[in-house]
Amino acid sequence: MAKDYKCAICGKCRLKHKRPIINPVLRKYASKITGRSIVENEVICSKCRSTFKRSIKASTCTTQTSTSFEETDESDDDYVNDPNSCKNDILSPKNIHLKICSTHSSHKYCIVCKRKSSNRVKLCVVPLEARTQAFIHKGIFIDSKARCCSSHLQNHNLTQESLFQIQAKYDRSYFNRTDIVTMLQNVRATLLKQTTRLNFDKTSSLSNEDYYNMTGVSKEQFTDIASRLSSLRNSSVRSVEACLGILLVKLRTGLPNTILSTLFCLTKNQIQRSVHSAKNAMMADYVPNHLGFQHIDHETFVNSHNTPLANNLFSNNENSAILVLDGTYIYIQKSSNYKFQRVCYSMHKHRPLVKMMVIVASDGYILNVLGPYRSDGKNNDASITKHILRKNEEDIKHWVQENDVAIVDRGFRDAIEFLAKHGLHVEMPTYLKKGQSQHTTEEANLSRLVTKVRWVVESANGRIKHWRLLDKVLHNHYITSIGDFVRIVCAICNDCRPPLSKHNPDGIQLAQQMLEKSRQNNNIKTMVEEENLMRKRTVYQTVNSFDLTDFPVLTLDDLRELTMGIYQIKQAPLYTREHLAEESGLYELHLVRDKPNLIRCKIQSRHTNSAVHTLWIEYNPDTVTGWYCTCKAGARTVGCCAHIASVIWFLGYQRYSLIKSGPSGGFLSSVMDASDMPLTDSDSDSDTNENVEE
């Protein structure tokens with residue numbers, strides 16, 4: 001039997017074409033490659049010897065080295081050169097044996113379906129993390145030349161589990177030093193990425209609070225949304241969860257793509273593609289199930305989202321849907337397209353923007369969002385509403401039924417008759433007529449009934465603006481995606497947020513009280529007008545100057561019953577802080593003569609310095625019996641205005657508690673006033689000269 005010889009460099013057995021390593025230059029080359037000393041009886045195969053020759057030919061040969069080589073080994077006809085003079089890098093052969101399972105380099109079967117296919121793509125599309133984890137945890141080395149069927153890559157998630165299904169063909173793998181160093185560098189890069197980037201692939205890397213702060217949803221809600229995106233696939237640079245996280249972080253924080261690329265360790269272009277892919281997947285798989293006229297039928301909407309308060313105030317029919325309509329603004333950049341710039345410039349806000357029409361239920365559930373629309377004079381709320389019905393946007397005529405209630409603001413006044421023709425009952429706050437400075441008691445009461453329900457659309461718009469991308473000036477690059485972004489945010493609000501207004505059974509009793517008070521007259525207003533109390537001269541003094549021990553002590557529940565809402569109670573401490581006397585810290589009031597239970601007070605408007613409102617409050621030891629204020633809505637009997645509420649809050653609640661009117665913040669002292677300027681000598685001289693000339 002022939003003796004088994006092994007090549008000193010590659011370690012493979014070759015019975016033919018072997019030559020002993022006699023040449024010292026060749027021996028030095030072999031010692032450098034293998035990292036050990038070469039003895040005289042070792043041989044080299046023809047393949048490794050050819051590699052040595054090619055490396056010699058690629059370098060610049062010196063005459064001295066070539067001559068010494070010929071004199072040393074006369075049997076070798078080839079010229080040689082010192083390998084140290086080679087300019088090109090020489091890769092060592094794969095002579096390191098490790099007990100690691102491996103696949104063949106010509107693997108042509110799909111790792112998912114196990115079928116052979118001529119349409120193949122490289123397996124390098126697998127993320128580096130998955131390949132590294134497969135090597136570390138399962139002991140499988142995946143060759144970079146392995147291939148997988150591209151047709152099945154579109155129907156299967158190429159995850160770590162799919163990689164584990166590869167059957168190893170060899171129980172050993174051949175490495176060289178370069179392969180080992182590269183593998184370790186890949187492992188290091190993978191570990192560095194996992195510790196520095198914002199990672200949504202591992203739920204344990206972020207807390208539930210982090211999820212809400214970055215995406216606007218909790219960890220469970222994020223996982224649930226990601227599981228519904230069936231049209232979104234993993235790619236070589238990001239998973240489905242990472243793609244969804246990029247979109248939600250973009251919407252929630254409004255950060256530019258350059259900063260997101262740093263957070264997610266991706267390039268700017270990869271961030272843009274991820275946002276686009278996640279947006280399309282959300283619009284296809286998620287939004288239609290939570291937004292639009294088709295995602296919920298009319299009967300379910302009435303039974304689930306009509307509050308008892310709204311039903312008893314405006315609807316006599318239990319099958320009528322109560323819809324609250326309002327427009328919201330999305331600010332954009334000034335465009336270089338002059339025609340687009342003109343049609344999107346709002347004369348009301350004096351800046352470029354687009355409008356979205358929001359339709360919500362009485363509990364704050366967003367039924368649909370339509371738009372975006374232009375913002376010029378031809379696209380006000382009334383015109384947009386007419387356009388929606390005339391064009392039958394999203395088949396709205398089929399969804400809306402006769403006797404449904406539409407609650408709108410004063411901007412829809414030009415569309416009231418149009419909505420009535422389509423069978424809708426419209427409720428809108430009254431507006432002041434020409435020459436009128438204050439609403440009548442009846443008008444103020446009717447307006448209060450409308451605002452008691454219509455506030456939910458304002459809060460819904462505020463929820464939308466919690467996603468800062470929609471609250472700030474949006475880049476013109478995203479103009480074509482504004483509608484999709486708003487719809488995605490509204491769908492998330494419907495799915496992941498609680499109702500704005502609770503379905504409280506006590507709303508029926510509150511509605512009956514409001515309707516009953518809306519039919520009453522304001523007796524205090526009548527008394528002020530008949531007795532001409534407005535023109536009588538009064539001297540205002542602080543509260544301590546009067547004996548107000550008979551003013552009723554009230555609780556927060558008593559205040560809510562008087563105001564029939566919480567907005568006025570929230571405004572009361574702010575008004576009180578401004579109108580307290582600086583020295584005594586008390587209100588300056590006036591008791592009307594011959595009427596010991598009637599208080600008169602002046603309140604500065606929070607909007608303008610020239611507006612000062614006068615108010616009257618009548619009380620008895622048990623409760624407050626009446627009020628009147630000279631502001632626009634001060635004559636109403638359904639609740640009271642914020643001016644009256646501030647005085648009642650101070651006299652009946654704050655005086656007897658430790659609650660302060662609120663921190664001042666030192667804002668006035670931190671901002672300078674240019675009008676507060678001492679007169680100089682030159683100023684006084686000029687004033688004197690002007691007076692003399694006159």
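Buried means under 20% relative accessible area, exposed over 50%, and partly exposed in between, with a 1.4 Å probe and protein chains only. By that cut-off Thr-215 is buried, at a relative accessible area of 0%. The model is predicted: local features need pLDDT of at least 70, side-chain atom pairs count only at pLDDT 80 or more, and totals for chains, interfaces and linings use all residues. Residues are numbered from 1 along each chain as its sequence is written, and side-chain values use heavy atoms, without hydrogens and water.

**Whole protein**
- The protein has 694 residues, and 45% of them count as buried.
- It holds 28 helices and 19 strands; these are DSSP runs (helices H or I, at least four residues; strands E, at least two), numbered from the N terminus.
- Among contacts (heavy atoms within 4.5 Å) with a separation of 6 or more, 69% join residues 24 or more positions apart.

**Around Thr-215**
- Thr-215 sits in helix 8, which spans residues 208-215.
- Its side chain reaches the backbone oxygen of Tyr-211 at 2.5 Å.
- A polar atom of the Thr-215 side chain also lies 3.3 Å from the backbone oxygen of Val-217.
- Beyond neighbours within four places in sequence, Thr-215 contacts Phe-200, Phe-222, Leu-248, Val-249, Arg-252 and Trp-467.

**Annotated region**
- UniProt, in an unreviewed entry, lists residues 613-652 as "domain: SWIM-type"; such annotations may be inferred rather than shown by experiment.
- Residues 613-652 are 28% helix and 32% strand, with end C-alpha atoms 21 Å apart.

How values were computed
Polar contact = N/O pair within 3.5 Å; in protein donor to acceptor, adjacent residues only side chain to side chain.
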